[in-house]
Amino acid sequence: MKFKNSKGDIVPLVDIAGLVNDDYEYQVFVGTDSQVHKKKKCVVYATCVVLYKKGKGGRVFVSKESMPYATSLRERLTSEVWRSLTVSFELSQILPSNVEVVIHIDVNKSLKYKSGNYHQELVSLVTGQGYKCRIKPYAWAAQCIADHFVKS
């Protein structure tokens, strides 16, 4: 995936990890959202990496990708989570060991929403890989940031 900063410049994951220094405590949040385009018969995915410097704010990096039409909501949500996991795997290899990576999943716990049927499966997928995760309404990296970029 090719990530871009707020100026639109391509920034490799190694350079994102290189922004972490010993002066502050950092957290990294990764989230993905998707948007179906029925006319184009494709799904656009936006994955964001938020490098949060505690007490000082954060920086956002986004990667957008268009893929063939997903056949089901389960397939689309699983693809979102795997994209976030893939980025998290790469970041975990290059970030200092004291930097926590948290994955945000754009899924509801409530069964009154369609995504609620897959909530436990997706959370287990993330936690089974050793990462912490957050779901709605606390999954702001996926629910707000990635959502903004997938629609733009």
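**Notes on the predicted model**

1. Arg 83 lies over the face of Tyr 45, 4.1 Å from the ring centre; a charge is taken to sit over a ring if NZ of Lys or CZ of Arg is within 6 Å of the ring centre and within 35 degrees of the ring normal. This is a predicted model, in which local features need pLDDT of at least 70 and side-chain atom pairs count only at pLDDT 80 or more, while totals for chains, interfaces and linings use all residues. Residues are numbered from 1 along each chain as its sequence is written, and side-chain values use heavy atoms, with hydrogens and water left out.

2. The secondary structure comes to four helices and seven strands, where helices (H or I, at least four residues) and strands (E, at least two) are DSSP runs numbered from the N terminus. Along the sequence the pattern reads β-β-α-β-β-β-α-β-α-β-α.

3. On overall dimensions, the C-alpha atoms fill a box of roughly 45 × 30 × 25 Å along the principal axes. The radius of gyration is 15 Å, which agrees with the value near 15 Å for a compact globule of 152 residues; the radius is taken over C-alpha atoms, and the globule rule is 2.2 Å times the number of residues to the power 0.38. Among contacts (heavy atoms within 4.5 Å) between residues at least 6 apart in sequence, 66% join residues at least 24 apart.

4. Of the 152 residues, 43% count as buried, a class defined by under 20% relative accessible area, with exposed meaning over 50% and partly exposed in between (1.4 Å probe, protein chains only).

5. Leaving aside neighbours within four places in sequence, the contacts of Ile 105 include Val 81, Leu 122, Val 126, Cys 133 and Ala 142.

6. Three aromatic pairs are counted, with rings of Phe, Tyr and Trp (its six-membered ring) pairing if their centres lie within 6.5 Å, and planes under 30 degrees apart classed as stacked, over 60 as edge-to-face and the rest as tilted. Phe 89 and Tyr 131 form a tilted pair, 5.9 Å centre to centre with 50° between the planes; this pair joins helix α2 to the loop between α3 and β7 (132–134), across 42 residues. Phe 89 is partly exposed at 30% relative accessibility, whereas Tyr 131 is buried at 12%. Ring pairs also link Phe 29, Tyr 52 and Trp 140 into a cluster.

7. Which cysteine sulfur is closest to that of Cys 48? It belongs to Cys 144, at 9.8 Å, too far for a bond. The structure holds zero disulfides, a disulfide being a pair of cysteine sulfur atoms within 2.5 Å. Cys 48 is buried, with a relative accessible area of 0%.

8. Glu 121 lies in helix α3 and is partly exposed, with a relative accessible area of 34%. Not counting residues up to four places away in sequence, Glu 121 touches Arg 74 and Thr 78.
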